[in-house]
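Please keep the model in view while reading.

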Amino acid sequence: MSRPRKTNFRPKNAYILKKSRISKKPQVPKKPREWKNPESQRGLSGAQDPFPGPAPVPVEVVQKFCRIDKSRKLPHSKAKTRSRLEVAEAEEEETSIKAARSELLLAEEPGFLEGEDGEDTAKICQADIVEAVDIASAAKHFDLNLRQFGPYRLNYSRTGRHLAFGGRRGHVAALDWVTKKLMCEINVMEAVRDIRFLHSEALLAVAQNRWLHIYDNQGIELHCIRRCDRVTRLEFLPFHFLLATASETGFLTYLDVSVGKIVAALNARAGRLDVMSQNPYNAVIHLGHSNGTVSLWSPAMKEPLAKILCHRGGVRAVAVDSTGTYMATSGLDHQLKIFDLRGTYQPLSTRTLPHGAGHLAFSQRGLLVAGMGDVVNIWAGQGKASPPSLEQPYLTHRLSGPVHGLQFCPFEDVLGVGHTGGITSMLVPGAGEPNFDGLESNPYRSRKQRQEWEVKALLEKVPAELICLDPRALAEVDVISLEQGKKEQIERLGYDPQAKAPFQPKPKQKGRSSTASLVKRKRKVMDEEHRDKVRQSLQQQHHKEAKAKPTGARPSALDRFVR
């Protein structure tokens, strides 16, 4: 016989208790983290720490690494946007403090040159400096006697390890100037007007008499760019991979070396272009013209960004410092001027030279060099961010022939001079930046590291359209374009989609949505909006009166009658 089935009967609406996933232990809120008293902190030896907490960082050092202008107040935006901006400011401040603390790990310091008992440093010759420095630094001073192929133009690579030079009679060579190891040496059988390294020491651009040629570090010709003809000067923009060329025909051409295309060809309408320099801060090209003006160019615009009247005669040389703050120019009027590029474009100092300067160059630490015939004069300032003082030269050197090219070597206290007699490497204490960024410009990198750096640099390439006078303006909102787009949208649609809709009261039940009640609620909202507008207009009026009222004026009893 089968056993009877056991059945459980329960009411229809009975509540069934399920096993809860929540712990039955009482939830005790966590106590906030309490900072211990530094006096109670003791080391392993039992002694108290006399300097508890992190070491203080000088405010001046933190300001050097800060990239956010805290003088500008945050805009009146939504709470969510405002909180994001505050978090970004806090992260930037923390990053600046960390960078300031890590500056203690930079072991190298900039060099300097001091005379004994008020001695003029301009009277110290290169032979005396070579005798005073160590053997490794003394080996950086040398002369290359190449009189049969001169005059020479030269260029250092971004890492400061390699040197390339080209002579007017077709001699082109590249070498590791530290170890004196020759990379390549060729004769192009044509006049060489200028020479530049591209993004690395493996590629070399040579402006020959007719066209622009690209060579590798073995001296093999890779490209012949015929669209860039009769080139006189070259400049390479490393962060944009752009090669800027100035020609006899008056055209400024931008060539993108990463894809091999010409980005822009701009007609300067000023005749022959043989004076060109770049601003390392914003990648703007400076061109000097025969009418005494200097024009500033960007590939994004067909007209110059600005024009500066610098000299009464033609401009012979232009140079911009590494911070993009100061520009030095020299003209046919034998004057050397330093201009402020921070929006005023006014000359800060002027000096009349006996023969005039044909070539100018700035160092990484703000030193200015001028080539006048066969004499090289160097002026120094108070620091990297200050303009050089033109009253007394810092160093002076006489060469075996007229100067044809000048450039300071990056990260080295060395000045390279190309002249009719060859190449001269001078020692200039305090010219180069003592510490380098190993991830950006590493003089000791291997071939594998260089290849990896090239891939990273190509991924981070800045578009040519972003070149402008103020790079910080790229992070701001273009209000004019925004308003223009809004107007066009209203004209296209026939109404403003972002306009505030008129207030419509919601219907209520139980007889509270009568016509009189709706009108009353509408009138109440309209009165509130009117009061807000009146309050804002009064605040603006008080603000204007406070600005218009002269400061320091004594109060008078008649002020109450003034409206």
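## Basis

Buried means under 20% relative accessible area, exposed over 50%, and partly exposed in between (1.4 Å probe, protein chains only). This is a predicted model, in which local features need pLDDT of at least 70 and side-chain atom pairs count only at pLDDT 80 or more, while totals for chains, interfaces and linings use all residues. Residues are numbered from 1 along each chain as its sequence is written, and side-chain values use heavy atoms, with hydrogens and water left out.

## Salt bridges

The structure holds 21 salt bridges, each being a side-chain nitrogen of Lys or Arg within 4 Å of a carboxyl oxygen of Asp or Glu. Arg153 and Asp194 form one of them, at 3.4 Å from N to O; Arg153 belongs to strand E2 and Asp194 to strand E6, 41 residues apart, strands (E, at least two residues) and helices (H or I, at least four) being DSSP runs numbered from the N terminus. Both Arg153 and Asp194 are buried.

Glu248 pairs with Arg193, with the closest N and O atoms 2.8 Å apart. Because Glu248 lies in the loop between strands E11 and E12 and Arg193 in strand E6, the pair ties together parts that are 55 residues apart in sequence.

## Helix H6

Helix H6 has 15 residues (479–493) and should span 21 Å at 1.5 Å a residue, which agrees with its end C-alpha atoms being 21 Å apart; the expected span is 1.5 Å times one less than the number of residues. Just after H6, Gly494 takes a positive phi of about 90°. Leu482, which lies in H6, counts as exposed because its relative accessibility is 57%.
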